[in-house]
Amino acid sequence: MNKIVFFILQAVLQLAGSTSLRFLKPNVEVLEVSDLSSSEVSLHCGEQYEGEQIHWERNGESISETGNRITVTIDGLRGGNFTCHRANGDLLSYTLLLVHPVKFSKGGVLIKSSDGEFVSCTARNYNGQFHCSWKWHQERTKRAVVYFTALRNSSLINCTLDSDISGLTCIDKEYCPYSEEPRSINLTLFVRNLYRLEEHQRTFFIRDIAKPDKVSITMIEDDVFEWRPPQTWSFPCSFFPLSYEVKVVPNNHDCDFTGNRVEKMETNETHYKVNIKKSYTFCVRAQDPLTNKVWSDWSHHHKKKHRHTSEQ
């Protein structure tokens with residue numbers, strides 16, 4: 001994982017029409033637009049270069065504008081990487097200019113996950129660590145994460161970007177699992193494809209995203225199963241209880257099967273006896289009963305009758 005620290009400047013400059021220029025971090029500016037008409041943006045190489053002969057390039061190609069301060073035209077989503085150079089070609093500075101269509105529907109860069117969110121967050125327990133992930137649009141090949149931050153009550157939470165740039169791992173070192181969360185976590189993520197920028201935000205409590213890992217099932221005798229809380233779950237169990245959903249489905253069906261001949265119940269126990277003569281699949285998943293928010297993924301055991309072996 002690569003740790004990335006960003007500093008966001010809050011200044012916003014109003015431009016002509018329904019556009020504004022936002023300084024996102026050093027050398028990165030965002031043109032926020034409500035339509036795809038052309039906009040003019042002023043660029044500055046640097047105060048220290050006043051009086052020098054300066055020429056500019058846009059995405060590696062020379063442009064006609066010269067001088068320490070220039071004005072460029074941005075058409076639609078066509079931002080660019082603008083670099084300023086001395087007469088001998090030495091690079092002086094650069095400005096990455098991104099375009100953020102604020103009134104357009106999201107989904108041009110990321111796509112929604114199965115939970116209907118562009119950014120999905122889960123916590124394996126109550127130790128203050130959580131993970132947020134997203135799915136890139138498969139046709140967006142020039143993608144990058146531009147900026148991210150997680151805050152609770154204005155305090156910065158330490159986050160690192162996953163190596164595949166499809167998730168963040170965060171740890172709130174001030175989080176106390178033995179007391180009520182007074183304030184929510186606010187996550188902000190800026191991603192881009194080429195020069196189009198997309199902003200996503202999530203607000204949540206750890207208790208609302210706590211998702212236990214899969215439980216481990218053991219068949220202690222024919223048709224009798226037991227399981228234990230995941231090793232990653234918070235302890236003691238008396239303070240961090242788990243409830244379980246038990247499901248018995250016909251053989252060759254997965255645990256999400258909802259047809260006929262399905263045996264299903266919720267329990268606080270960690271053992272169960274199946275009373276079925278035919279082959280079946282035994283399924284268990286866990287949930288924090290104090291929140292009733294997120295179920296773990298299913299664990300299962302395939303039981304084949306009239307044979308000497310069973311298949312896990």
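**Close-up 1. A disulfide joins Cys121 to Cys132.** The two sulfurs sit 2.1 Å apart. A disulfide here is a pair of cysteine sulfur atoms within 2.5 Å. This is a predicted model: local features need pLDDT of at least 70, side-chain atom pairs count only at pLDDT 80 or more, and totals for chains, interfaces and linings use all residues. Residues are numbered from 1 along each chain as its sequence is written, and side-chain values use heavy atoms, with hydrogens and water left out. The link of Cys121 and Cys132 is right-handed, with 110° about the S-S bond. Cys121 lies in strand β11 (residues 119-122) and Cys132 in strand β12 (residues 129-136), so the pair ties together parts that are 11 residues apart in sequence. Strands (E, at least two residues) are DSSP runs, numbered from the N terminus. Both Cys121 and Cys132 are buried. Buried means under 20% relative accessible area, exposed over 50%, and partly exposed in between (1.4 Å probe, protein chains only).

**Close-up 2. Cys45 and Cys84 form a disulfide.** Their S to S distance is 2.1 Å. The link of Cys45 and Cys84 is right-handed, at 75° about the S-S bond. Cys45 lies in the loop between β4 (39-44) and β5 (54-58), and Cys84 in strand β8 (residues 80-86), so the pair ties together parts that are 39 residues apart in sequence. Is Cys45 buried or exposed? Cys45 is buried, and Cys84 is too.

**Close-up 3. A disulfide links Cys255 and Cys283.** Their sulfur atoms are 2.2 Å apart. The torsion about the S-S bond is about -85°, so this disulfide is left-handed. The pair links distant parts of the chain, 28 residues apart. Cys255 sits in the loop between β21 (243-250) and β22 (263-267). Cys283 sits in strand β24 (residues 280-287). Cys255 and Cys283 are both buried.

**Close-up 4. Cys176 and Cys237 stand apart, with sulfurs 18 Å from each other.** Cys237 is in no disulfide. Cys176 is partly exposed, with a relative accessible area of 36%. Cys237 also counts as partly exposed, at 34% relative accessibility.

**Overview. The whole structure holds 4 disulfides.** A disulfide is a covalent bond between the sulfur atoms of two cysteines. Count the bonded cysteines along the chain, and the pattern is 1-2, 3-4, 5-6, 7-8.

Terms used. Helices (H or I, at least four residues) and strands (E, at least two) are DSSP runs, numbered from the N terminus.
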